[in-house]
Amino acid sequence: MPRFTFKLEYDGSRFDGWPDVQAALEAALGQNGSPASALAAAEPTEAGVHASSQIVHLDLASAHNPLTLKADLSEVLRGTALAIVGASTVPDDFDATRAVERHYTYRLFSRRATLTFNKGTMWRIDHPLDIRAMREAAHYLIGKHDFSSFCNGPAATQLSELRIESAAHSSGTEVRLHFRAPSFAPEQARRIVGLLERIGAGVHPPEIMREVLEARSLAPDAPIAPPRGLYLDDIRYSESILQSAHLPLEPIPHLASGIGAAMLEQMPLPLLVITRKGRVAYANQFAYDLLPAMTLRQHFSETLDAPKFTKAVQAAIDSGQTGKVRFSLKDGPERFFVAHIGLLPAGSEFGKSIRVIAAIEERTTMLKSEQMRSDFIANVSHELRTPLATILGYIETLQGHAKDDAEARERFLAVMAKQAGRMQNLVNDLMSLNRIEIEEHNRPVEPCALPPLASEAVAAVQPLSERLGTSVQASLPTEMPRIRGDHDQLLQVLVNLLENAVKYSDQSQPVRLFLAPADANHPGQIGLSVQDTGPGLAPEHLSRLTERFYRVSVAKSRDQGGTGLGLAIVKHILNRHEGALDIRSALGKGSTFTVWLPAYNEV
Ligand code: ADP
């Protein structure tokens with residue numbers, strides 16, 4: 001009894017559709033003029049060589065032409081298996097494993113750019129490949145194309161199998177392409193490999209893949225059966241891709257060995273060298289730090305999501321145009337860059353053809369500080385202009401029609417004094433901020449005892465607390481470790497916090513100053529808390545309170561003589577002390593501002 005053996009391949013998932021296959025086989029055999037009973041002898045072997053394939057033996061009642069039977073099976077099984085490969089009538093002692101091994105196997109090393117026929121080297125790829133897309137494309141190519149144009153043999157030669165396996169290794173992905181054809185020209189194999197690798201890398205997904213994928217998305221469970229009638233166009237399209245393809249097998253050049261390589265590595269700027277075909281040929285460590293997902297040989301346009309950068313590099317490749325380009329990246333908080341695009345000479349150690357070098361400079365910090373500076377000046381002018389305009393207005397009135405009005409003069413002078421006081425507070429706070437900033441990197445080293453500091457701060461806010469009718473209660477243990485800090489600056493911190501608590505609190509309850517319980521988030525630090533029972537703060541304000549001029553209510557702050565700089569001063573002083581400010585607040589319940597300071601090492 002003739003035995004027909006074939007292999008079914010699936011799209012990577014383990015085969016579990018035997019009943020479907022059986023039904024399909026019945027239909028195929030029916031088409032092939034064989035009694036359905038022949039199927040009783042159909043027998044799936046163990047899961048084949050790969051989880052996604054299945055060897056099937058079919059004992060046939062009568063002789064069949066294996067090729068027509070295979071064609072019929074392919075047609076019927078389209079809904080079940082992705083491909084039927086290696087179908088043949090074989091002797092009874094058929095050994096599936098050996099049969100698979102007999103297939104010609106191409107294994108390519110990209111690094112060494114060797115392509116050996118029937119020999120067995122591996123192709124290692126440094127970037128992630130969409131193996132699924134490659135597999136789909138390969139199956140589509142097998143299903144649709146007459147590969148005689150790629151083969152050396154007689155016109156009737158067909159590529160009957162092209163299988164892709166991939167395995168991830170620490171050094172990259174290993175991809176093996178198995179071709180089965182009586183004869184094969186390495187150059188042509190290289191072209192197919194090039195096409196598939198490009199599909200896998202998603203660099204230029206060809207039309208055919210788009211069609212495959214579209215067909216899939218219309219019917220997600222559908223087999224990969226691309227629309228018919230595209231055959232010739234596809235071939236042409238594939239050919240044109242191959243012609244323009246930057247075949248990936250060019251070796252990565254060893255750039256600037258010795259001194260040159262060391263210098264490129266040491267340049268404190270992200271540097272990319274890009275080939276004429278747009279591949280990243282070299283990246284220094286700073287470039288990897290900036291673009292951690294980048295891999296060598298990736299197309300440069302995929303490394304940075306910045307159309308301006310892409311355009312500038314392309315212009316350098318196409319027409320040798322060099323220069324500077326500004327761009328920003330918006331993946332997260334916006335970051336600003338300037339890329340300097342230049343050309344490396346052809347024929348040097350950088351390679352035979354011209355290469356583009358891009359040095360990428362981050363400007364985010366600089367632009368942000370420029371922005372902050374101009375915002376700051378605008379804020380200061382605005383804060384000074386209002387009281388100044390008020391004072392000038394009253395002066396004019398007093399010089400004019402209120403000249404002899406003693407009662408108005410008293411009233412106006414009081415207002416002018418308040419406005420002048422506001423300006424004075426602002427100037428004082430600005431001078432403090434300036435002084436603190438100058439010293440910010442100079443860490444204080446002297447010890448400072450907290451209880452006397454707290455008493456001094458309470459005394460300093462007493463006039464204000466009496467005026468506003470809010471009492472301040474300080475309760476610190478008399479014996480407590482000293483902290484490392486600048487007495488005057490820490491006094492300013494406590495005064496600012498106590499003044500705020502007094503200004504914004506509910507008069508019926510005292511403001512409290514106490515030692516904060518130890519906190520694992522602030523090891524080796526001592527905390528002082530200032531607590532009020534005021535209106536509290538909504539969570540969205542908390543992180544912004546220490547910004548200069550940030551106020552929840554500008555009117556209320558101004559009315560209390562506030563400048564909007566108090567907490568900014570606190571923050572800078574604490575930065576200098578390597579301390580921290582913790583703000584806890586609940587609307588309607590009040591706020592607790594805790595200052596953490598490093599304990600003084602007494603030994
Ligand atoms: P200001 O001079 O306006 O008080 P600060 O920098 O000291 O400036 O404070 C910024 C803002 O934080 C204040 O305008 C106020 O809206 C809010 N704030 C500060 N402390 C408290 C507090 N204890 N309770 C409620 N709001 C507060």
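This is a predicted model: local features need pLDDT of at least 70, side-chain atom pairs count only at pLDDT 80 or more; totals for chains, interfaces and linings use all residues.
Residues are numbered from 1 along each chain as its sequence is written, and side-chain values use heavy atoms, without hydrogens or water.

Ligand first. Around the ligand there are 20 residues, with Asn500, Asp532, Ser557, Thr563 and Leu567 coming nearest. By class, nine are nonpolar, eight polar and three charged. Here Ala, Val, Leu, Ile, Met, Phe, Trp, Tyr, Cys and Pro count as nonpolar, Asp, Glu, Lys and Arg as charged, and the others, Gly among them, as polar.

Which element gives the largest share of the shell? That is α15, with four residues.

Now the backbone. A backbone N or O atom of Leu567 sits 2.8 Å from a ligand oxygen. For Val552, the corresponding distance is 3.0 Å. The protein covers 97% of the 530 Å² of accessible area that the ligand has on its own, by the Shrake-Rupley method with a 1.4 Å probe.

On to salt bridges: a side-chain nitrogen of Lys or Arg within 4 Å of a carboxyl oxygen of Asp or Glu. The count is 13. Take Arg551 and Glu383, with closest N and O atoms 2.4 Å apart. This pair links distant parts of the chain, 168 residues apart. Are they buried or exposed? Both Arg551 and Glu383 are buried, meaning under 20% relative accessible area (1.4 Å probe, protein chains only).

Definitions and conventions: A residue is near a molecule or strand if one of its heavy atoms lies within 4 Å of it. A polar contact is a pair of N or O atoms within 3.5 Å; within protein, one must be able to donate a hydrogen and the other to accept it, and residues adjacent in sequence count only if both atoms are side-chain atoms. Helices (H or I, at least four residues) and strands (E, at least two) are DSSP runs, numbered from the N terminus. Buried means under 20% relative accessible area, exposed over 50%, partly exposed in between (1.4 Å probe, protein chains only).
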